[in-house]
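The stops below are given in the order in which to select them.

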Amino acid sequence: MIAEDRAAQGWDRAITVFVGDYIDRGGDSAGVLARCRALAEGPDVVCLMGNHEVMCLDFLTGTGGDAAGLNWLRNGGRAMLESYGAALPQRLDAPGMVDDLRSAALARIPAAVIDWLEARPLVWTSGDLAVC
């Protein structure tokens with residue numbers, strides 16, 4: 001629909017900017033990321049990084065320790081991991097459980113997806129317009 005509207009308006013040089021938080025917002029984070037990655041291959045789409053992507057990457061790298069990982073899991077991370085087929089326990093209170101989940105996540109989420117997330121810019125600018 002966006003492409004049709006751009007064509008109808010004659011905006012052949014318009015850029016579509018997505019502002020992040022592609023994950024953790026429902027049961028198909030994997031599908032949303034696949035769609036965003038496909039769209040971003042074109043020259044007229046920019047996908048920025050949102051705070052949920054930052055939380056996910058912090059979890060995957062261990063940045064912030066268990067507390068950061070648990071915070072992400074409570075804020076939709078569970079849905080993201082389940083969308084990639086990871087089975088999560090109801091309770092996350094056993095010692096080492098966050099590390100086990102991190103390992104499981106890294107085994108399920110394709111490295112290309114993680115690399116794509118890491119490469120997302122925080123800001124996009126054009127002239128005097130900044131989107132972040």
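Helices (H or I, at least four residues) and strands (E, at least two) are DSSP runs, numbered from the N terminus. With that convention, Ala104 belongs to helix α5. This is a predicted model, in which local features need pLDDT of at least 70 and side-chain atom pairs count only at pLDDT 80 or more, while totals for chains, interfaces and linings use all residues. Residues are numbered from 1 along each chain as its sequence is written, and side-chain values use heavy atoms, with hydrogens and water left out.

**Whole chain**

Start with the C-alpha trace, which spans about 60 × 30 × 20 Å along its principal axes. Colour by secondary structure: the protein has six helices and four strands, in the order α-β-α-β-α-α-α-α-β-β from the N terminus. Next, colour by accessibility. Buried means under 20% relative accessible area, exposed over 50%, and partly exposed in between (1.4 Å probe, protein chains only). Of the 132 residues, 36% are buried. For contacts, the criterion is heavy atoms within 4.5 Å. Among contacts with a separation of 6 or more, 67% join residues 24 or more positions apart.

Select Thr16, in strand β1. Thr16 has a relative accessible area of 14% and is therefore buried. Leaving out neighbours within four places in sequence, Thr16 contacts Ile2, Arg6, Asp44, Val45 and Val46.

Move on to Asp21, in the loop between β1 (16–18) and α2. Phi of Asp21 is near 60°, a positive value in a residue other than glycine. Most residues other than glycine have a negative phi. Is Asp21 buried or partly exposed? At a relative accessible area of 21%, Asp21 is partly exposed.

Asp24 lies in the loop between β1 and α2. Asp24 has a positive phi of about 70° and is not a glycine. Its relative accessible area is 7%, so Asp24 is buried.

From Asp24, draw a C-alpha to C-alpha distance to Ser83: the two are 9.5 Å apart in space and 59 residues apart in sequence. Ser83 is part of helix α4. Not counting residues up to four places away in sequence, Ser83 touches Gly27, Asp28, Ser29 and Ala30.

**Helix α4 and its two partners**

Show α3 and α4 together. Axes here are lines fitted to C-alpha atoms, for helices over the stretch in contact, and angles run from 0 to 180 degrees between N-to-C directions. The axes of α3 and α4 come within 9 Å and cross at roughly 105°. Angles under 35 degrees count as roughly parallel, over 145 as roughly antiparallel, 65 to 115 as roughly perpendicular and the rest as oblique. The pair α3 and α4 is therefore roughly perpendicular. On the α3 side, select His52, Met55, Cys56 and Phe59; on the α4 side, Gly69, Asn71, Trp72, Leu73, Asn75, Met80 and Leu81 meet them.

For residue classes, Ala, Val, Leu, Ile, Met, Phe, Trp, Tyr, Cys and Pro count as nonpolar, Asp, Glu, Lys and Arg as charged, and the others, Gly among them, as polar. The contact of α3 with α4 has seven nonpolar, four polar and no charged residues.

How do the axes of α4 (residues 65–83) and α5 cross? They come within 11 Å and cross at roughly 45°, which makes α4 oblique to α5. In this contact, Gly65, Asp66, Leu70, Leu73 and Leu81 of α4 meet Val98, Asp99, Leu101, Arg102 and Ala105 of α5. By class there are six nonpolar, one polar and three charged residues.

Ala104 is 9.0 Å from Ala87, C-alpha to C-alpha, and 17 residues away in sequence.

**Helix α6**

The last stop is α6 (residues 111–118). Which residues of α6 are buried? They are Val113, Ile114, Trp116 and Leu117. Look down the axis of α6: these buried residues fall within an arc of 160°, taken from the directions from the helix axis to the C-beta atoms, so they line one face of the helix. An α-helix has 3.6 residues a turn, so residues three or four places apart point the same way. To see what the buried residues of α6 pack against, show α2 (29–40), β2 (45–47), α3 (51–61) and α5 (97–108).
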